[in-house]
Amino acid sequence: MPSLELVLLAALLLVGGGAEATQEHVLFSVIQISSFANQSWAQHQGSGWLGDMQSHGWDSELGTIIFLHSWSKGNFSDEEMIDLELLFRVYFIGFTRETQEYAGQMHFGYPIEVQVRAGCELHPNDTVESFLQAAYGGSHFLSFRDMSWVPAPKGDSRAQSVCDLLNQYEGIRETVHKLLTHTCPRFALGLFDAAKVDYERQVKPEAWLATGPRPAPGRLLLVCHVSGFHPKPVWVMWMRGEQEQQGTQQGDILPHADGTWYLRVTLDVAAREVAGLSCRVRHSSLGNQDIVLHWEQHLSVYLILLAVTVPLMLLVALVLWFKKRCSYQDIP
């Protein structure tokens, strides 16, 4: 376990001054997902997030930080980022070794899945809330609070044993505390300032209606597609007049490659009850001008397309038939 203390003490190289005052709400977090299949195989994934925008990745093979944007270094110097990269590289090596060494002693059976989320949240009143939580097998396992490792309220004896072990090393606790309360806020503020152009940009959504697979005879699945919007928060609801339809089902908000988002919202409804339904979209980029798509208008457009397409297809078929008939007649 002393090797972990050495790893975390290296992080002191990154600790600078305190955070400057801010009038913004800023959230920065790092996420670690580690999987141990057996005593000799482990895989680590790491990422950094400014709010809900991913800012960093981690190349586990090379042991290097992946900078996903031009602003991903914030106001940290190249030397500081190199030190940070070295810290994570050595940390993952130490984490792997210590986990494999103590897994048997503390009765952790393979496969082992560990998730860690750590970071800081800066509020407009200049207060800073730091956090570090670890989960084992998808359940809250332990956290770092008030200079100590604390087991989860519903954690078992193994969580308490791990906390007792970690709390023996004062250097680890002091270093984690400084990383969370000093380094993280300083980095988060610099990152936020550098990212403002991208982070605060407003892109209006596009929306359209469609139908999905029929849920049952006599019923329709109405689909409202909303795409290309930024920032991520959006409100989409199927409505009847001004009444929200409680059967509205919202999917996950998914990212596009250009940093905008996509959402699919559905409503399972009887075919005879579609009249009067609409999909309403609210987004910060729209101001007070919501997008409202009425199902009757969608149906009208569909019927118009159908009215144009069917005669066109018949005309093409007639021309092909006529050409084929003429070719047969030309044969002696």
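I looked up "pocket" to start: on a 1 Å grid over the protein atoms alone, a pocket is an open set of points where a 1.4 Å probe fits, with protein on both sides within 12 Å along at least five of seven lines, and lining residues have an atom within 4 Å of a point. Its volume is the space filled by probe spheres set on the points, with grid points joined across faces, edges and corners.

Ground rules for me: this is a predicted model, where local features need pLDDT of at least 70, side-chain atom pairs count only at pLDDT 80 or more, and totals for chains, interfaces and linings use all residues. Residues are numbered from 1 along each chain as its sequence is written, and side-chain values use heavy atoms, leaving out hydrogens and water.

**Pockets**

I checked the second largest pocket, and its volume is about 190 Å³. Its lining includes Trp58, Phe88, Arg89 and Phe92. Which element gives the most to that lining? Helix H2 does, with five residues. (Helices, H or I, of at least four residues and strands, E, of at least two are DSSP runs, numbered from the N terminus.) I sorted this lining into five nonpolar, five polar and one charged. For that, Ala, Val, Leu, Ile, Met, Phe, Trp, Tyr, Cys and Pro count as nonpolar, Asp, Glu, Lys and Arg as charged, and the others, Gly among them, as polar.

The largest pocket holds about 320 Å³ of space. Among its 16 lining residues, Met53, Gln54, His69, His256 and Gly259 lie nearest the centre.

**Strands**

Next I followed strand E1. E1 pairs with E5 in the antiparallel sense over 11 bridges, and Gln32 stands opposite Val116 in E5. (Two strands pair if DSSP finds at least two bridges between them.) On to E2 (residues 41-50): 10 bridges join this strand to E1, again antiparallel. A hairpin of two residues connects E1 to E2.

**Core**

Then I went inside. A nonpolar core is a set of buried Ala, Val, Leu, Ile, Met, Phe, Trp, Tyr and Cys residues joined through side-chain atoms within 4.5 Å; buried means under 20% relative accessible area (1.4 Å probe, protein chains only). The largest core has 47 residues, and Leu132 is one of those touching the most other members. H4 gives the most to this core, with 10 residues. A second, separate core of 22 residues includes Leu263 and Trp295.

Conventions. Buried < 20%, exposed > 50% of the residue type's maximum accessible area, 1.4 Å probe, protein only.
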